[in-house]
Amino acid sequence: MQLIDLRSDTVTKPSPGMRKAMFDAEVGDDVYKEDPTVNRLEEFAAHLLGKEASLFVPTGVMGNQICLNVLTKPGDEVICERHAHIFQYESGSPARLSGLQLSLVDGNKKGIFTTDQVEPLIRPASAYYMARTRVIEIENTHNRAGGTINTIENIKSLSLLAKSNNLYIHLDGARIWNAYVETGIKPSEYASHFDTVSCCLSKGLGAPIGSIIAGSNEFIKEAYSVRKAWGGGMRQVGVIAAAGFYALMNNVERLKEDHQKAKLLASSLADSKNINIDLELVETNIVMFSPIGISIEEFHSRCKTNGLSLGTGKVGEVRAVTHMDVSINDVKEAAEIIRSVLA
Ligand SMILES: Cc1ncc(COP(=O)(O)O)c(C=O)c1O
């Protein structure tokens with residue numbers, strides 16, 4: 001039986017076109033900055049994000065953590081949302097790699113927090129006996145809230161607040177491409193309100209590996225050094241950068257199809273009395289829902305027996321993520337499996 005895999009948009013396999021681009025890639029030693037394919041990807045990504053420079057890194061986690069490391073010193077504080085990826089899913093690395101503490105804000109159901117909530121958390125510069133507030137971090141789209149999109153007005157206000165308090169502001173834009181295709185707001189417009197940006201090529205865009213961080217020339221110069229120190233200096237990595245470049249050229253606009261599939265899945269589940277689902281949260285390619293009258297473990301296991309693999313979200317929630325390797329028919333079948341397991 002072929003499993004329908006909706007655990008994440010990271011499960012996609014490189015398409016034939018992407019594999020050909022990887023096969024054909026010109027390569028060189030990227031630690032010497034001599035890999036033409038990496039250099040081309042970094043130039044193009046910096047352009048898309050409207051930043052002076054960008055750097056190719058192996059993962060989204062490394063991307064976020066390099067940004068935080070460069071912007072801070074040990075003992076500093078980063079303000080982020082309670083369900084932010086950097087708090088929930090990065091193995092404690094702000095503390096472990098950079099000696100940072102996180103100050104958590106409760107976002108609304110879309111994971112969005114506002115300046116009113118952040119302002120009281122900014123510690124006075126004169127209070128040497130307190131941690132120094134240094135960075136505000138925003139995740140857009142917000143994974144754990146269900147792929148929700150932050151508004152550009154709210155982002156602008158938080159950015160102005162950061163500036164007026166001498167703080168940096170970082171965007172975890174792992175899925176910024178999804179926000180772009182849904183709102184029409186360009187990645188460069190989102191990024192213009194941030195000092196540093198991290199975004200993934202290996203999620204909905206379908207590359208097997210790779211993320212980009214972007215910012216000023218000065219920031220990227222430091223980022224090179226941190227990436228190397230953490231073992232992320234790669235050699236003939238053009239074979240992988242070629243997949244990232246192909247993804248940016250070919251797979252951004254098609255993310256809309258994933259959003260349609262997510263909406264189809266969500267609406268097919270909405271009238272089941274055994275499912276709690278909030279359709280307002282289904283803005284991109286992630287569907288969160290809670291099955292009623294069955295443990296999450298049992299639900300997952302019965303779905304799997306019937307040919308469907310699902311992921312997890314907040315406690316008590318199931319996560320289904322649509323992507324390029326599932327068809328509309330797969331999604332219809334997934335909805336049938338879920339409904340029959342809960343019937
Ligand atoms: C919002 C967000 N940020 C960062 C990451 C980390 O990406 P990676 O798995 O490439 O380390 C993820 C991965 O799912 C994510 O959803």
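Modeller: Before we look at this predicted model, one term is needed: a crossing of two helices is right-handed if the near helix is turned clockwise from the far one by less than a right angle, and left-handed if it is turned anticlockwise.

Colleague: What is the handedness of the crossing of α13 and α14?
Modeller: Helix α13 covers residues 296-305 and helix α14 covers residues 328-342, and their axes lie 10 Å apart. By the definition just given, the crossing of these two helices is right-handed.

Colleague: Are α13 and α14 roughly parallel or oblique to each other?
Modeller: The two helices pack at an angle of about 125 degrees. Angles over 145 degrees count as roughly antiparallel and those from 65 to 115 as roughly perpendicular, and α13 and α14 are therefore oblique.

Colleague: Which residues of α14 make the contact with α13?
Modeller: On the α13 side, the contact is made by Phe299, Arg302 and Cys303. By class, the whole contact has five nonpolar residues, no polar ones and one charged residue. On the α14 side, the residues are Ile337, Ile338 and Val341.

Colleague: Is methionine 234 buried or exposed?
Modeller: Methionine 234 sits in the loop between α10 and α11. A residue needs 20 or more C-beta neighbours within 10 Å to count as buried, and because methionine 234 has 21 inside that distance, it is classed as buried.

Colleague: How far apart in space are methionine 234 and valine 31?
Modeller: In sequence, methionine 234 and valine 31 are 203 residues apart. From C-alpha to C-alpha, however, the distance in space is 6.1 Å.

Terms used:
Residues are numbered from 1 along each chain as its sequence is written. This is a predicted model: local features need pLDDT of at least 70, side-chain atom pairs count only at pLDDT 80 or more; totals for chains, interfaces and linings use all residues. Axes are lines fitted to C-alpha atoms, for helices over the stretch in contact, and angles run from 0 to 180 degrees between N-to-C directions. Helices (H or I, at least four residues) and strands (E, at least two) are DSSP runs, numbered from the N terminus. Angles under 35 degrees count as roughly parallel, over 145 as roughly antiparallel, 65 to 115 as roughly perpendicular and the rest as oblique. Two residues are in contact if their C-beta atoms, placed from the backbone, lie within 7 Å. Ala, Val, Leu, Ile, Met, Phe, Trp, Tyr, Cys and Pro count as nonpolar, Asp, Glu, Lys and Arg as charged, and the others, Gly among them, as polar. A residue is buried if 20 or more other C-beta atoms lie within 10 Å of its own, exposed if 12 or fewer, and partly exposed in between; C-beta atoms are placed from the backbone.
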